[in-house]
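The entries follow in the order in which I looked things up.

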Amino acid sequence: MKNNVHDLRSALELLKTLPGEYVETDTEVDPHAELSGVYRYVGAGGTCQRPTRKNGPVMMFKKIKGFNDISVAIGLNGSRNRVSHFLNCPPERLGHMLKDSVQTPIPPVLATAPAAAQEVVHLATDPDFDLRKLLPAPTNTEEDAGPYITMGLCYASDPETNESDITIHRLCVQSKDELSMWLTPGRHIDAFRKKAEAAGKPLPISISIGVDPAIEIAACFEPPTTPLGFDELSIAGSLRGHPIEMVQCKTINEKAIAHAEIIIEGELLPNIRLREDKNTNTGKAMPEFPGYTGEAKDAIPVIKVKAVTHRKNPIWRTTVGPGEEHVNMAGIPTEASILDMVERAMPGKLLNVFAHSAGGGKLLAVMQFKKSAAVDEGRQRQAALLAFAAFPELKHVILVDEDVDIFDSDDVLWAMQTRYQGDVDTVTIPGVRCHPLDPSQVPDYSPSIQQQGVSCKTIFDCTVPFHLKSHFERSKFKEVDVKRFLPDFE
């Protein structure tokens with residue numbers, strides 16, 4: 001049955017109707033470390049420090065210390081089941097749905113009615129304007145470089161072509177009207193920023209916070225699936241079957257998401273850099289998806305904020321960096337990218353992909369490959385090579401047969417124990433660029449690594465050689481109707 005999810009509030013209303021998917025508290029919480037500390041236990045999952053809980057509920061904090069009339073929601077995309085409800089798609093088919101949506105984009109449009117996101121306007125020229133008092137951006141740990149905007153949908157346009165891009169970046173609140181912005185190499189907004197900087201001009205940028213979950217997931221696509229100039233909002237439009245409505249910003253020449261809870265308007269300044277931890281001097285930034293705290297960067301770009309607009313009684317959106325929420329937002333587009341690349345090369349052979357939680361949705365993919373004839377032997381490894389091309393930040397691939405449940409880690413590890421021999425089923429590809437946040441990618445770790453961010457990519461081929469398939473058939477149990485014995489069995 002189709003749902004009516006079209007923004008953050010409708011998504012939360014849907015979750016309230018689903019058992020075990022939503023909790024809220026009126027107990028005052030400190031956004032400094034405490035809020036994330038609570039959710040770490042309630043439902044962070046992912047690569048977060050244990051003990052934590054996988055597939056815990058969304059949590060709404062209704063009373064934030066130091067802030068009035070604003071709530072904080074965390075964990076919205078923190079379970080694959082929740083994402084499946086938001087997108088009206090079975091959990092195991094989400095990668096396929098995203099793949100199809102890239103092929104049928106619906107571009108965003110400018111809203112004709114007044115935008116809810118601009119009901120209240122705060123201008124940076126106001127004497128009492130201060131981001132630190134307006135926005136309850138949390139610190140995830142007590143070592144963080146400062147309050148972080150972790151779920152800000154950053155939107156900017158190429159100053160030469162006017163093509164736009166939306167993505168999520170690490171944004172630290174540095175002063176009353178400044179944010180630092182860390183852009184990993186290859187990001188499209190960084191390409192736009194460099195063009196503007198070369199011309200000596202600032203780059204207008206909007207940051208939309210608290211939006212339809214479909215947008216949060218679509219924004220996490222990366223090249224080559226979405227090349228430079230591809231607006232990922234058109235993927236969200238396809239997922240919803242109608243264009244995403246945008247609104248013209250009040251103080252900059254850029255647009256933002258009309259239904260957002262909060263919009264920050266600003267400019268990326270040319271030739272201005274600052275040290276990310278200038279206010280704390282901890283050397284630490286914030287917890288990142290591999291499960292470790294990222295190092296503070298010495299010199300990163302600065303956004304000068306011009307205005308903040310928001311709904312009445314807005315809801316702030318945040319996430320725990322290493323949590324399951326990152327796994328789904330990054331991982332499902334990763335799955336879609338791999339499925340698309342391999343399907344074009346060898347139709348019908350790759351049945352499914354899971355960007356595994358242990359890799360934060362980026363570093364590890366489990367690929368379910370079907371060998372139908374002797375000539376398919378070896379093609380499973382070609383599929384793994386294509387996966388590395390489809391998603392360059394991927395580090396490890398585990399290949400399994402069609403009888404293995406890729407979403408069940410025990411089943412995947414079973415395949416590794418009974419269908420894998422390390423000396424013949426391991427393929428290593430050293431010296432390949434990967435993701436800079438993997439702490440093992442440093443020369444001190446391995447002599448094969450010449451510089452930080454380079455990795456040895458590895459294929460673990462846990463598929464049965466085709467000529468031996470008859471010797472590896474799983475025990476077959478009788479098919480029965482369990483509900484005849486347990487009517488409430490799910």
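Predicted model: local features only at pLDDT ≥ 70, side-chain atom pairs only at ≥ 80, totals over all residues.

I began with Arg 193 and Asp 190, whose side chains meet in a salt bridge with 2.8 Å from N to O. Both residues lie in helix α6, 3 residues apart, about one turn of the helix. I noted the general point that an α-helix has 3.6 residues a turn, so residues three or four places apart point the same way. When I looked up their accessibility, I found both Arg 193 and Asp 190 buried.

I then turned to another charged pair, Arg 275 and Asp 277, where the closest N and O atoms are 3.0 Å apart in a salt bridge. Arg 275 has a relative accessible area of 33% and is therefore partly exposed, whereas Asp 277, at 6%, counts as buried.

My next entry concerns Glu 160 and Lys 195, whose side chains form a salt bridge at 3.4 Å, N to O. This pair links distant parts of the chain, since Glu 160 is in the loop between β7 (152–157) and β8 (164–168) and Lys 195 is in helix α6 (residues 188–198), 35 residues apart. Glu 160 is exposed, with a relative accessible area of 60%, while Lys 195 is partly exposed at 27%. For the model, I recorded a count of 44 salt bridges.

How many aromatic pairs does a search of the whole structure find? The search returned 2 of them. Phe 354 belongs to strand β19 (residues 350–355) and Phe 407 to the loop between β21 (396–400) and α11 (409–418), so the pair ties together parts 53 residues apart in sequence. Phe 354 is buried at 7% relative accessibility, and Phe 407 is partly exposed at 27%.

Tyr 420 and Phe 460 also form a tilted pair, with 6.2 Å centre to centre and 50 degrees between the planes. Because Tyr 420 lies in the loop between α11 and α12 (422–425) and Phe 460 in strand β23, this pair ties together parts 40 residues apart in sequence. Tyr 420, at 18% relative accessibility, counts as buried, the cut-off being under 20%.

The largest nonpolar core has 40 residues, of which Leu 179, Met 181, Ile 189, Ile 264 and Trp 316 touch the most other members. Leaving aside neighbours within four places in sequence, I listed the contacts of Ile 264, which include Leu 135, Ile 149, Leu 179, Ile 205, Val 305 and Val 308. Apart from this core lies another, of 39 residues, among them Ala 219, Cys 220, Ala 258 and Met 329.

Is helix α3 (residues 80–87) mostly covered or mostly uncovered? I found it mostly covered, with 6 of its 8 residues buried, including Arg 80, Arg 82 and Phe 86. Asn 88 follows α3 and has a positive phi, near 55 degrees.

My last entry is a nonpolar surface patch of about 480 Å², made by Val 480, Val 482, Phe 485, Leu 486 and Phe 489. Val 482 lies in the segment after β23 (454–461) and, at 31% relative accessibility, counts as partly exposed.

Note on methods
Residues numbered from 1 in each chain as written. Heavy atoms only, no water. Core = buried A, V, L, I, M, F, W, Y, C linked by side-chain atoms within 4.5 Å. Buried < 20%, exposed > 50% of the residue type's maximum accessible area, 1.4 Å probe, protein only. Contact = heavy atoms within 4.5 Å. Patch = residues over 30% accessible without salt bridge, like charges linked within 9 Å, V, L, I, M, F, W, Y side chains within 5 Å. Areas by Shrake-Rupley, 256 points an atom, 1.4 Å probe, with all protein chains shown as cover. Salt bridge = Lys/Arg side-chain N within 4 Å of Asp/Glu carboxyl O. Helix = DSSP H or I, 4+ residues; strand = E, 2+ residues; numbered from the N terminus. Phe/Tyr/Trp six-rings, centres within 6.5 Å; stacked < 30°, edge-to-face > 60°.
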